[in-house]
Amino acid sequence: MPEPILRFDKVNMWFGNDFHVLRDIDFEVAHGERIVICGPSGSGKSTLLRCINRLEEHQQGRLFVDGVELTDDVKVIDDVRKKVGMVFQQFNLFPHLTVLENLTLSPMWVGKLPKKEAEARALAQLERVRIAEQAGKYPLQLSGGQQQRVAIARALCLTPKIMLFDEPTSALDPEMIKEVLDVMVELARQGMTMLCVTHEMGFAKAVADQVIFMDEGQIVEQNNPAEFFNHPQSERGKDFLSKILGH
Amino acid sequence: MTATTFDPIAARPAPAKTSGAAEWIRANLFGDWTTGLMTLLVGGALLYAVTHVLSWAVFRAAWLPDHNACRVEGVGACWGVVAEKYRFILFGRYPFEEQWRALAATLLMLCLLVASCTRAFWRPWLVVLWAVVLGIFFALMYGNVMGLPKVETDRWGGLPLTILLASLSITLAFPIAVGVALGRRSNLPAIRAVCTVYVELIRGVPLISVLFMASFMFPLFMPEGFSIDVLIRVLAGITLFAAAYLAEVIRGGLQAIPKGQLEAAATLGLSYWQTQKKIVLPQALAMVVPSIMNNFIGLFKDTSLVTIVSLYELTGALSLAINSDANWRPFKLEGYLFIALIYFAFCFSMSRYSLWVEKQVNKGQAR
Amino acid sequence: MTRRPPPAKKVWTWRSRALRGLVYQLIAVLAVGLGVWWLASNTMHNMQVRGIQSGFDFLGRPAGFDIGESLYEFDSGQPYWRAFLIGLTNTLRVALIGIVLSTLLGTLLGVGRFSRNALVRGLCYAYVEFVRNVPVLLQLLMWYVFFAEVLPTAADAWTFGPLFLSKGGLSFPIPIWEAGHLWGVSGLLAGAVLAFAYRRWSFRTFEATGQPRSLFWVPLAVFVLVGVLGWAAGGAPAHFNSPVKGEFSIEQGGSLTPEFLAVVLGLSIYTAAFIAEVVRAGIQSVVRGQGEAAAALGLSPGQSMRLVRLPQALRVIIPPLTNQYLNLTKNSSLAVAIGYPEVVSIATTSLNQTGRAVECISIVMLVYLTTSLTTSFFMNWYNRRAAIKER
C-alpha cells in the first residue's frame, strides 16, 4: 500500500490550558482522495485543517504530510507549505495587489520563478477557474464569488499536492456559491487531493470519497457520503443532519 | 391571477424647495427661535470683535519700518516691526549678504516636501531625491564648496532651520519607527519588551526634557574627545522623540491588517520579512498616511522648542531680532503674530492635504 | 474528561523556530545592553575627566535661589529638594486647572460643531483650526507678552467689579475665614449626604414602580439649598479681603501672576482645540443606527442621548481625552520659557548652579514618567472594564 499523503496519528491540541480543541485525531488521506469535514461550529474542524500547514501547532501526536513529519523545523514548514494550498472563508486576497500580482507573488518570491513564467502559470490557473479576463483588476473590484475563485487559483499557483478549503462558500451570497462549487467539483474531477470543511451537502454527495463528522474536537464518524447521509451511525450525527437538512 | 408588469415611474422633483441661499439661511441661522436668538447674540459679538480687530490690525496700523510712527497715540498694530526685521526673523543670524543661499535652500526643501506629498512621486527614487536635495541643502547652507563662504551651523536660523529640523527628523525617524512598530508586534517577548519600553519611556516625558538631554547629556555620552555639533545633537533628540510617536501610529496601521492576510501569506510560503515587506507594510502605511501627516504637523510645531536650547529657528530668531533692538521691543506681539501666521499657513495647508488624503484612502477602501 | 495539555516540548535543533526565536532575542537584548553599557561607561569616564561631581547629595544643600511663586513659603536658604517639591506642586497646579478649563471649553466647542446654527458651527471650526495650527510655545509667549507687557500698569489697571487686571496679574477678593463658615461647610456636607440619599431612593422607586424621578436637578437643589441654610445658620458671614488699587501695585486680596495666567490660559486654549476634535469624533462615532434604534424604542431625544448615545461616545472619547490631559501636563514644561517656576524651570536653575545635568534631567523625566505611567495604568484598567464584551 502506498504511503498516504496525509496521516494524523493521535493528534491532540489545546488552546490555552483548558480548551482541548483536537482530541486523538487519527486518520489518513490517500493520494487523490476527496474528504469533506463537517460538524457543528466550534467542533475543531477548521483547527484540524489549519494544523496541516502549521497555522496552528499541535502539541501531541504526530502529523505526516507527504511522508514528512511536521515539526517546529523551519525548513520542514516551508516545504510543507509549498505542498499544501489553502483557501479561506474570507478569501484573504491581498487588496493592494492586482489579481495577477496576487497569483505571481509566491511563485516569484518563494518559488524563484522568473516573472514571465510566473505570469504564464498564473494566467493558466486563472483560465482554469474561468476568470482570466479579470487579471488586471484589484480584488475588491470583484464579486465575492470571483474573489474566491481567484483565491483558489492563487493556491493552485503553488502547484500543491493537497488543497485545503476552509468553509469556502460560507461568506458568499447564495447566487455566487454555485460558481465556486463548480470550480471545486472540476478540480476534484482532475484528481486533486482535497480536504474541505463545508456545509454544502450537495457538494459532499457529489464529489466526496469520505465524510468526516466532528464534534467537540473528536472524529465522531467517518464514512462514505451515501452511508453517512442516509444512515448516520451516531446520535450526534443524526442530530446534526436533522438540523442542517431540516428546512 | 394576472401577471404584474413592472412600470418604471420617472423621478420627480421634491415639492418644497430644499436648496438655494435663502433656504439655507432659514434652515441654518433662523430655524427656530433659539437658533435665531443665538445667531443674533453670536453674530453681534462677532461683529464687535471683528471690527475692533480690523481697526487695530488694518485701519489704524502703522506699516512703515519707522518705530517712531508706531509710538504715536492711537496707532494700532505696528507692522513696521515686520517690515524692518523680516530678514532677521526669516533667516536668523545667517550672514546678511549670504541670505540668498538660505532662501534658495528653503525653497528647494519646500519643493521637495510638495513633491513628497504628490502621489506621482511615490516611487523608490523619491528616497534618492531626498538624499540629493538634502545634500544640496547642506552644501548651500554650510558652503565651503564652489566658492561659497563657510557658514557654521550655529549661525543657521529662522525658517530654513525650522523646515530642516522637521523634515529631516521625520525622515530619519521613519525607518526607526517602522522597526519599533514591527518589534512591538513581534511574538518574541524580549524584542517586544525592548520596543515597548522605548516607546513608553519617550512618550512619557516632554520633548523639552529630551532636548535638554541632547544638549547637556549627549556630550557626556560620547567617547572622550569626540564632540558633535549641537544641531546634530538636537536633530538626534527630535528624531528619537518623533520615532516613538510615529511607531505608535504605524503600529495602529499594523493592527488594522486582518489576521487573515498574515495567514494567507504564511500558506503561500512567504517568510516573515517577505510578508512584512510585500503584504503588511504596504497596506498598513497607506492606511496611516493621514496620521503620519498629522504627526509631521505636530513635529513642525514642536521644532519651536529648540529655541529653549539656544537654536534660533523661527521662534528663536524672532526673539533674537526683537530683544536685541530696544526701539522695537514694545512691538513683540506683532512679531509673534507674523510668525504665527507663517506656522499657520504651513500647518493648515498640510492638515487640509492630509484630510484630502484621508478621503482618498477611505474611497480606496470602499471601492 | 478533558485532559490538560502536555508540557511544551521544544525541539532545539538549529532549524527550529524555537531556537531561532531565542537567538534573535538574545542578540537584541545583548545589543541594547551593550549600547547602554557603552553610554554609561563613557559618561562615567567623561565625568571623571572633567571633574564633574555626581550624586543626589546636592538635594540636601541650600538652593540659594528664590522662587517667584509657590503654594507655601520658600526662601533661598532652604534645600534643593524643597525647591523641586515646589516645582512639582506648581506643575500639578497648572495641569489640574488647565485640565478643568480645557475640558469645559473643549466640550463646548466639540458639541458646538453639531449646532443647528451655522454661525456657531463655523465659529467652533475656525477656533479649532486657528488654535491647533500654531505652536503652543508661541501661544504661551504671546499670552505672556499680553499679560506682562500689553496690559496697563497697576495704576491704570482694568477693573471688572472687584477684579483688577494689570501687568501685575489678576487680583480678586478672597473670603475671610470666620467661625460661621464652619456651619456653611457642614451644611454642604449634610446637603451632599441628603442629595445622595434622595438619588438612591428615587432610583429604587424607579426600579420598583417604574415612576421616573429627577436624578440630577432635585439632588442638586437639595445640595445647594441645605448648604445655603447652613451658611445662614452660621450668621451668613460674608467678609472679603478685597484688592485695593495702590500707587505702584494692587494690594491685598488674592492674586495670580501674569506667568501663571499666561501658562494656564495658553495651555487651556490650545488643548481645548484638541479636546474639541476628540469630542466631535466621539459623538460622530456613534453610528446613526443607534439613535434610530433608541427612537424606535420610544426614547425621547434626551433619553436617547443620556442612555444610549452618550455612554457609547464616552467609550470612544475617554482614551484620547486622557492622552490630551497627558499632553497638557507635558506641555506645561514649556512654562520654563516664560519663567513660571514649574519643575523643569527649577531643574534648569539647579542644573546651572550645580552642574549636575544627569541628576536634574533624570528628576524631570522621573516626574513626568510617573505621571504618565500612572495615568496609563488607570486608563488600561478603565478600558478593560468599559470594553464592550465581544466573543
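Q: How many residue pairs are in polar contact between chain C and chain B?
A: The count is 13 residue pairs, with both residues at pLDDT 80 or more. This is a predicted model.

Q: And how many salt bridges across that interface?
A: The rule finds 0 between chain C and chain B.

Q: What area do the two chains bury between them?
A: Chain C and chain B bury about 4,700 Å², and 73% of it is on carbon and sulfur atoms. In residues, 55 of chain C are in contact with 57 of chain B.

Q: Which helices of chain C supply the side that touches chain B?
A: At least two residues each come from helix 1 (17-50), helix 3 (118-132), helix 4 (136-150), helix 7 (258-285), helix 10 (343-354) and helix 11 (357-386) of chain C. The largest share, 15 residues, is from helix 1 of chain C.

Q: How do the residues on that side of chain C divide?
A: The side of chain C that touches chain B has 37 nonpolar, 11 polar and 7 charged residues.

Q: Switching to cores. How many residues are in the largest nonpolar core, and which have the most contacts inside it?
A: That core has 160 residues, and B:Trp156 and C:Phe84 have the most contacts inside it. Helix 7 (residues 158-184) of chain B gives the largest share, 14 residues.

Q: What is C:Phe84 in contact with, leaving aside neighbours within four places in sequence?
A: C:Phe84 is in contact with C:Phe58, C:Leu59, C:Val343, C:Ile346, C:Ala347, C:Ser350, C:Cys360 and C:Ile363.

Q: What other core lies apart from that one?
A: Another core, of 48 residues, lies apart from the largest one. Among its residues are A:Ala122, A:Leu126, A:Leu172 and A:Val180.

Q: Chain A, then. What is the phi of A:Phe91?
A: A:Phe91 has a positive phi of about 65 degrees, although it is not a glycine. Most residues other than glycine have a negative phi. A:Phe91 sits in the loop between strand 6 (84-87) and helix 3 (99-109) of chain A.

Q: Is A:Phe91 buried or exposed?
A: A:Phe91 counts as buried, at 11% relative accessibility.

Q: And where is A:Glu167?
A: A:Glu167 is in the loop between strand 7 (162-166) and helix 6 (174-189) of chain A. Its phi is positive, near 45 degrees, and A:Glu167 is buried with a relative accessible area of 15%.

Q: What about A:Asp215 and A:Arg236?
A: Their side chains meet in a salt bridge at 2.5 Å, N to O. A:Asp215 is in strand 9 (residues 210-215) and A:Arg236 in helix 9 (residues 235-245) of chain A, so parts 21 residues apart in sequence are tied together. A:Asp215 is buried at 13%, whereas A:Arg236 is partly exposed at 41%.

Q: Which residues of chain C are linked in a network of salt bridges?
A: C:Arg113, C:Glu129, C:Arg132, C:Glu277 and C:Arg280 are linked that way. Within this group, the side chains of C:Glu277 and C:Arg113 meet at 3.2 Å, N to O. C:Glu277 is in helix 7 of chain C and C:Arg113 in the loop between helix 2 (80-112) and helix 3, 164 residues apart.

Terms used: Residues are numbered from 1 along each chain as its sequence is written. Chains are lettered from A and ligands numbered from 1 in the order in which they are written. This is a predicted model: local features need pLDDT of at least 70, side-chain atom pairs count only at pLDDT 80 or more; totals for chains, interfaces and linings use all residues. Side-chain values use heavy atoms; hydrogens and water are left out. A nonpolar core is a set of buried Ala, Val, Leu, Ile, Met, Phe, Trp, Tyr and Cys residues joined through side-chain atoms within 4.5 Å. Buried means under 20% relative accessible area, exposed over 50%, partly exposed in between (1.4 Å probe, protein chains only). Helices (H or I, at least four residues) and strands (E, at least two) are DSSP runs, numbered from the N terminus. Contact means heavy atoms within 4.5 Å. Buried area is the accessible area (1.4 Å probe) that two parts lose on being put together, summed over both. A salt bridge is a side-chain nitrogen of Lys or Arg within 4 Å of a carboxyl oxygen of Asp or Glu. A polar contact is a pair of N or O atoms within 3.5 Å; within protein, one must be able to donate a hydrogen and the other to accept it, and residues adjacent in sequence count only if both atoms are side-chain atoms. Ala, Val, Leu, Ile, Met, Phe, Trp, Tyr, Cys and Pro count as nonpolar, Asp, Glu, Lys and Arg as charged, and the others, Gly among them, as polar.
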